[in-house]
Amino acid sequence: MTRLTRRKLTNSIVLTLSSLAAVAGLFMLTWILGDVAWKGFAAINWDFFSKLPTPPGVKGGGLVNAIVGTLLMTGVATCIAVPFGMMSGTYLAEFGKNNKFGNVLRFLADILVSAPSIVIGVFVYLILVKPMHQFSGWAGAISLAIIMLPVVSRTTEEMLLLVPAEIREAALALGSPYWKMTINVIYRSASSGILTGVMLAVARVAGETAPLLFTALNSPYWMHGMNEPMANLTVVLFNYAMSPYDDWHRMAWGAAFLITMTVLAVNIFTRMVLRTKGRTS
Amino acid sequence: MKMKQTKIWGDLIFRGLTASFASGIAVIFVAILLVLWNQSQPSLEKFGFSFLFNTSWNPVKDNFGALIPIVGTLLSTFLALLFAIPISLGIALFLAELAPHWLRAPFGTAIELLAAIPSIVYGMWGLFVLGPLMADYVQPFLKTTLGFLPLFSGPSMGIGMLTASLVLTLMIIPFISSVARDVFLMVPQPLKEAAYGLGGTTWEVVRDIMIPYGRKGIAGAIFLGMGRALGETMAVTFVIGNAYHLSWSLFSPGNSIASTLANEFTEADGTVYLSSLIELGLVLFLITLIILSLAQYWLRRSQAGRA
């Protein structure tokens, strides 16, 4: 009996600790999001979206150039990484499932997905910024594209592999060449999965800071093109938060609010889409 | 006959085209290694292997060593794992085995959302919220209770190795716990039911069935979290304090490889200075390469075990 009691006691202690860990996790999420929402929301107003930054001490101003910069660079990165990553994912799913080349590529893609993004920043600095003697929006967009590429490739691969073999066989049995089958049938049935994967990749890249620090740099001015240093929300957030000015801290919380809410909204939205899709099929 | 020919050509072209895009990933990977290696030459030639063991970082005298950033990276990662592993496994266990069914999906989503928050937000929160709390309450408390240890001595500044490790902990908990939960969910139901049928308590089933069955996957999850922690830049740069000295105290400010790069890269003016920073980047890339390879190795082994 004492042995049973002891076993039961150990059990309840471990179960309590495990539940406490879960509650602590949820508590931290609420705490961080609460702070970001509370302090960030106070900084958000029409000026935030429509005015250029002001020097420290001057009231008002906004981050319109940084918002546009982030959108531009993320957009260009998406345009580069999505076709590239989809092609590469197609190879991995359709032709490279079990051969050595495919396995090596899959391994390298997995490493690149988790590789430190600051190293990508250093790499792009060395191949683009240093030779051209110019920090630029292009360089920032390309580092973001390099970070996005393996993510898009791996999700495309996973989504294509989810397409049932019968669908492929049906298309091939009708006499369709492999490439036509892939484009007209496989892509179509995997499209919503790939789209969600791409959206998650975009959301992830939109919150990246490290690869932009020495590629896009930052700028307090309105941009005249992507060949010059380009303001972006994350680097502005970093510079403002590290500055000694209260006004800038407030702006930084506003930027954090905008980034976090966008990223979370995309994440929640894609989950909802996936869930409703799972129900109907 | 002619139709058959075009069909084969079309497929060959399609295969070749996708293969060339796919090899782009390998090209980028190799290019990163080569470019970093090539551009670290001035520093490699000047300092050689002693770069890794030299504690000085002096732009004025052009004397650079990587020991302090390397130690800072490893120490902050080690502490973060120390805190994060038990908490993450607790969360994974809760999500996979304990929570009532209606709670599992929303709770799991909440933990995954923590992973989606950009790391810079964690860093900023660490600087403005956690740092002051550490300075005012946690560090004075640790000093009065454990102050006889050199680890918990020195002024309570709020910013330093301990705070950086805590922010890192928060960042990697969602990564480790969501992978570990998936690993726990892979344990076949009959195995667990058999153990319950023999009269095992939940903890005994976890200890004797689920953890042994999923140990490869759990190892993979931990290495994955470790890879993240090693290369994490923004969450650390805000709160680590950016100082070049080694100290036994966890309260004292330090530096990691990533935070050194973030702070100094655009300011580096000399050739040797810049190439020393690039060599630091190379060292970081190589360390994470090893850790992430181990992560992939264990995660794949655990998937092979499932099939």
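**View 1. The two domains of chain A.** The centres of domain 1 of chain A and domain 2 of chain A, taken over C-alpha atoms, are separated by 33 Å. Domain 1 covers 2-41 and domain 2 covers 48-280, with bounds that come from an automatic or database domain assignment. This is a predicted model, in which local features need pLDDT of at least 70 and side-chain atom pairs count only at pLDDT 80 or more, while totals for chains, interfaces and linings use all residues. Residues are numbered from 1 along each chain as its sequence is written, and chains are lettered from A and ligands numbered from 1 in the order in which they are written.

**View 2. Where the two domains touch.** In chain A, 5 residues of domain 1 are in contact with 5 residues of domain 2, contact being defined as C-beta atoms, placed from the backbone, that lie within 7 Å. On the side of domain 1 of chain A that touches domain 2 of chain A, there are 3 nonpolar residues, 1 polar and 1 charged (nonpolar: Ala, Val, Leu, Ile, Met, Phe, Trp, Tyr, Cys and Pro; charged: Asp, Glu, Lys and Arg; polar: the others, Gly among them).

**View 3. The contact of chain A with chain B.** Chain A brings 69 residues to this contact and chain B brings 66 residues. On the side of chain A, the most is given by helix 1 (residues 2-41), with 19 residues, where a helix is a DSSP run of H or I with at least four residues, numbered from the N terminus. This side of chain A has 48 nonpolar, 16 polar and 5 charged residues.

Methods
Helix = DSSP H or I, 4+ residues; strand = E, 2+ residues; numbered from the N terminus.
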